[in-house]
Each structure stands twice: as structure tokens, then as C-alpha cells.
Amino acid sequence: MSEKNDKKLLDKIISLCKRRGFVFPSSEIYEGFSAVYDLGPYGVELSNNIKNYWWREVVQLRDDIVGLDAAIFMNPKTWEASGHIKNLSDPLTECKKCHSRLRLDNLLEDFGVFADEKMSEDEINKLFAKNSQKIKCPNCGAKDFTKAKKFNLLVKSNLGNFTGDWEKDPSYLRGETCQGIYVNYKNILDSSRVKIPFGVAQIGKAFRNEITARQFIFRTREFEQMEMQYFIDPDSYKKHYEDLKKWRYDFYLNLGIKEENLRWHKHENLNFYCKEAYDIEYNYPFGFKELEGIHARGNYDLTQHSKYSGKDLSYTDPKSNKKFIPHVVESSAGVGRTLLAVLCDAYSEEKENDRIVLKLNNKIAPIKIAVFPLLKNKLELVKKAKEIFDKLKYNWRCEFDDHGNIGKRYRRQDEIGTPFCLTVDFDSLKDDTVTIRNRDSMKQERINIDKLNNFFIEKI
Ligand code: GAP
């Protein structure tokens with residue numbers, strides 16, 4: 001599929017997210033807070049379903065991967081060892097006219113100039129100077145900018161520091177979740193029955209002071225990651241890396257994402273310790289962008305933590321007695337980016353049916369079954385519908401709705417991606433059957449109430 005550049009589509013998705021309670025700008029009554037978002041009632045269901053599906057695939061169904069929930073705050077030495085204090089930075093420039101602060105590589109990209117993420121301050125400023133004629137401020141159109149400076153993205157905090165001068169000796173909100181995994185590697189090895197090769201998985205919040213807020217929830221300052229670090233013998237890296245790539249790509253297909261909207265991006269300029277790095281990219285309304293990174297990180301992380309902590313993080317193979325510092329192949333995905341990808345992929349406008357519908361995969365749809373009494377003012381119908389709802393809700397996330405006419409209720413459920421709507425009508429009172437309407441085909445079928453459980457087990 002060709003790369004998208006569809007601002008209108010993005011606007012429609014943002015509008016649906018607000019209108020139907022998926023995503024709200026943070027603290028909106030105070031004009032919001034840039035690059036921070038809240039998940040509304042359906043957004044949190046969708047996000048939980050994505051995370052639960054990831055956890056099931058990555059931890060529950062694998063006997064070689066265990067879970068972890070490390071704290072957001074860590075000893076600040078962690079970030080020295082990992083290199084984030086020195087290197088987690090983006091080039092920042094300022095428009096001299098309107099004083100907008102802009103991330104220079106993004107600004108250049110908007111004008112068809114591509115900067116490598118590893119360029120030094122000097123290199124990117126040279127590239128900037130070479131193209132300065134065509135680069136305009138997106139906010140005021142001026143062409144006059146300050147020289148770019150590297151801006152560190154780690155978010156500082158005063159946690160644990162009571163001196164009032166905490167900026168000199170800050171703690172940090174974690175910039176990625178995987179550091180919690182590396183520093184616990186030995187604890188996990190000593191306390192559980194894992195042996196190399198094994199993985200440690202974690203889902204959690206991370207924070208980065210991203211310079212520019214754009215593309216909705218694609219790039220935010222507070223975000224959630226789903227990361228898995230797989231510790232291996234360096235000699236077997238190629239096989240593990242290829243297995244990991246295939247497994248992670250299939251994850252998105254199983255989540256219902258159309259293959260034509262996925263592609264691989266190979267990193268050409270690698271960090272010195274990195275053996276290989278690929279991203280899985282999704283064709284968002286603003287083009288193919290990183291959804292997940294799958295990187296072969298060598299033994300850099302454990303070596304650094306061993307050096308800075310003074311602790312031995314080597315591993316001795318119990319069979320061969322071979323001693324080594326394990327290498328890591330990593331899978332690192334964003335919850336928000338996955339949520340945005342599944343929303344974009346599922347969004348369809350059906351003019352012929354006069355509806356917008358989210359064709360979400362059943363397993364991640366926020367609401368699985370909506371239960372309606374045909375008429376709100378017929379007590380027998382409402383009572384029977386409530387009885388059915390009260391039984392189904394123990395197994396599936398259901399919603400009871402008796403507002404407006406059935407057509408409007410269907411439209412509302414279509415927009416939040418509910419795969420099944422169940423209606424109790426006058427026939428239900430006579431023969432104990434209900435109508436099930438399928439979201440995608442819009443077809444209806446009659447099902448006996450005592451067969452509902454089996455029907456939904458099979459379909460969901
Ligand atoms: N541990 C490796 C790591 O953190 P990364 O490429 O910086 O690598 C991994 O981030 C994933 O985290 C990305 O593929 C993306 O899905 C998500 N991510 C990173 N920064 C983000 C941001 N500012 N907003 C939303 N998601 C982000």
C-alpha cells in the first residue's frame with residue numbers, strides 16, 4: 001500500500017476518539033497539557049485489552065519468559081550507566097520570530113530533508129544551513145532560526161531530594177522500561193527457575209521531554225511501553241533474533257492489523273554495540289512510522305550496569321561451564337502507538353450504510369456485547385434484557401443501552417467497535433430467543449437465550 005498522508009483521516013480519528021470517549025487531551029478544562037493524553041472509558045478498555053493480549057502472548061504462553069513490574073523511579077546511576085543522561089537527546093531549534101521551539105530533524109523532514117538520528121550537533125546544523133532556504137517555521141512562516149542544540153529528554157524530579165537544590169542532583173522518571181529489567185536480571189536469575197535463553201517482560205509508563213508534540217498520541221511525553229528483553233548466549237544470537245522478528249510481526253497480524261499497512265525498516269547507522277536493528281512500521285495517516293523496535297543490543301546493557309554497580313552480571317552455563325555476559329535481543333512496543341494503529345486500521349466509513357464503524361478484532365474490542373431492550377418503556381422487555389446482561393457480564397465486557405431507537409444504538413456501538421448487539425423484543429418473551437446483530441455484516445440472526453454463552457465463546 002502506498003504511504004498515507006491524510007490529515008483529514010487523522011482529524012476524523014481524533015474527533016471520534018473525543019466524541020466516543022477513547023482519548024481526551026489531559027486536563028482539558030485548563031486548556032490541556034501539551035503531549036499528554038487521558039484514556040476515556042472505551043480507550044482504557046481498548047488499551048487494557050491490547051496489554052492483556054500482549055501479556056498473554058509474551059508471558060503466559062511462553063515458558064521461557066517471565067514478567068516484572070519495576071518501579072518508575074530508579075537509582076539515578078542507572079541512567080548514567082545506560083547512557084541516557086549523555087545521549088537521550090534531540091536537536092532543538094527556536095524560531096527567532098515567534099519563539100516556537102521545534103525539533104530540528106522533524107522540521108527538516110517536513111521539507112523533505114532527512115537527518116540521521118545519530119548526527120552530532122555540528123552535522124545537523126550543517127545540514128540545516130545547506131537547506132535553510134526552503135525551511136519555514138510551521139507556525140509563523142519565518143525562515144530565521146537559532147542554531148540547534150541537543151536537548152536531553154530525560155524528565156527530572158526531586159523525588160528523594162530535600163535540599164531545594166534538586167536540579168543539581170535529580171532523580172529521573174524512567175525514560176524506558178527496559179532498564180528496570182536489566183537491573184533486576186540477577187534477581188530474576190537467582191529467584192526463579194529460568195536459564196539462558198530466557199526473557200523478562202514488562203509493561204509500564206515511561207517519560208520523555210519530547211520537544212514537539214504532534215501526531216496525536218503517536219508521540220507523547222508520558223507513554224506506556226510493552227518491552228521484552230531476551231537474554232541469550234552470544235553464539236546463538238542470529239537464530240533468536242530472527243525468531244523474535246517473525247513472532248513480533250505475527251503479533252500485529254493476529255491483532256487484526258492489515259498486512260498491507262505494516263512494513264520493516266532496517267536501521268543502517270547502528271550504535272557501536274548494536275548488531276542489528278529493525279523497526280516494525282505502521283502506515284499511520286501521516287505515513288509509515290515506528291510502531292515497535294526489535295534490536296539486537298549485544299551485551300552493552302549488562303556490561304554497563306556491571307561496570308557502574310560493581311556487581312558481577314555474568315552467567316555460567318550449567319552444562320558447558322561457559323562463562324559470559326548475556327547478550328540481549330529486545331522487543332519494544334508502545335501501547336499508545338499500538339492503540340492508534342488498531343484504531344486507524346479499524347476505522348471505516350460506509351457511505352452506503354450511512355455509518356462509521358470500527359472493525360476492531362473481537363478480542364480487543366472495548367465492549368464485546370451490547371444488550372438492548374427493544375423499547376425502554378416496556379418493563380417486561382427491560383427486565384428480560386437486564387437478566388441477560390447480568391449473566392453475560394461475568395464473562396464479557398457488556399453494555400446495557402435503552403436510549404433512543406435501535407438504529408441509533410447500533411450506530412453508537414458501530415463507532416466504538418462492538419462486534420455484537422443483542423436485542424430483546426416481544427418474540428423473546430414468547431419463545432426465549434433474541435436477535436444478534438453482527439457489526440461487520442450487519443446481518444441479524446435469532447438465537448435461543450440458553451445458547452448465548454456457547455455462541456459468544458465461539459465468536460469471541
Ligand atoms: N528500550 C528501547 C526503547 O525504548 P525506543 O525506540 O525509544 O526504544 C520503543 O522506544 C517504543 O516505545 C517505540 O517503538 C514506540 O512504540 C514507543 N515510544 C517511544 N517514544 C515514544 C513517545 N514519545 N510517545 C509514544 N510512544 C513512544
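This is a short tour of one structure, stop by stop, for you to follow in your viewer.

Before you start, note that this is a predicted model, where local features need pLDDT of at least 70, side-chain atom pairs count only at pLDDT 80 or more, and totals for chains, interfaces and linings use all residues. Residues are numbered from 1 along each chain as its sequence is written, and side-chain values use heavy atoms, with hydrogens and water left out.

**Stop 1: the ligand**

Select the ligand and the residues around it. The shell has 20 residues, and E176, R208, E210, E227 and E290 are the closest; a residue belongs here if one of its heavy atoms lies within 4 Å of the molecule. By class, ten of the shell residues are charged, five are polar and five are nonpolar. For these classes, Asp, Glu, Lys and Arg are charged, Ala, Val, Leu, Ile, Met, Phe, Trp, Tyr, Cys and Pro are nonpolar, and the others, Gly among them, are polar.

Now show the polar atoms. Look at T220, where a backbone N or O atom lies 2.8 Å from a nitrogen atom of the ligand. Move to Q225: a polar side-chain atom there is 3.0 Å from an oxygen atom of the ligand. At E290, a polar side-chain atom lies 2.6 Å from a ligand oxygen atom. The ligand taken alone exposes 560 Å², and the protein buries 90% of that (areas by the Shrake-Rupley method with a 1.4 Å probe).

Which strand gives the largest share of the shell around the ligand? Colour strand 13, which supplies five residues. Strand 10 (222-232), strand 13 (287-298) and strand 16 (327-334) each give two or more residues to the shell. Strands (E, at least two residues) and helices (H or I, at least four) are DSSP runs, numbered from the N terminus.

**Stop 2: a hairpin**

Select residues 433-438 and 444-448. These are strand 22 and strand 23, which run antiparallel and are joined by five bridges; strands pair if DSSP finds at least two bridges between them. Find I436, which stands opposite E445 in strand 23. Five residues separate the two strands of this hairpin, and M442 in the turn has a positive phi of about 60°.

**Stop 3: two backbone details**

Go to P197, in the loop between helix 7 and strand 9 (198-207). The peptide bond from I196 to P197 is cis, with omega near 10°. Next, select E31 in the loop between strand 1 (23-25) and strand 2 (37-39). Phi of E31 is positive, near 75°. Most residues other than glycine have a negative phi, and most peptide bonds are trans.

Note on methods
Polar contact = N/O pair within 3.5 Å; in protein donor to acceptor, adjacent residues only side chain to side chain.
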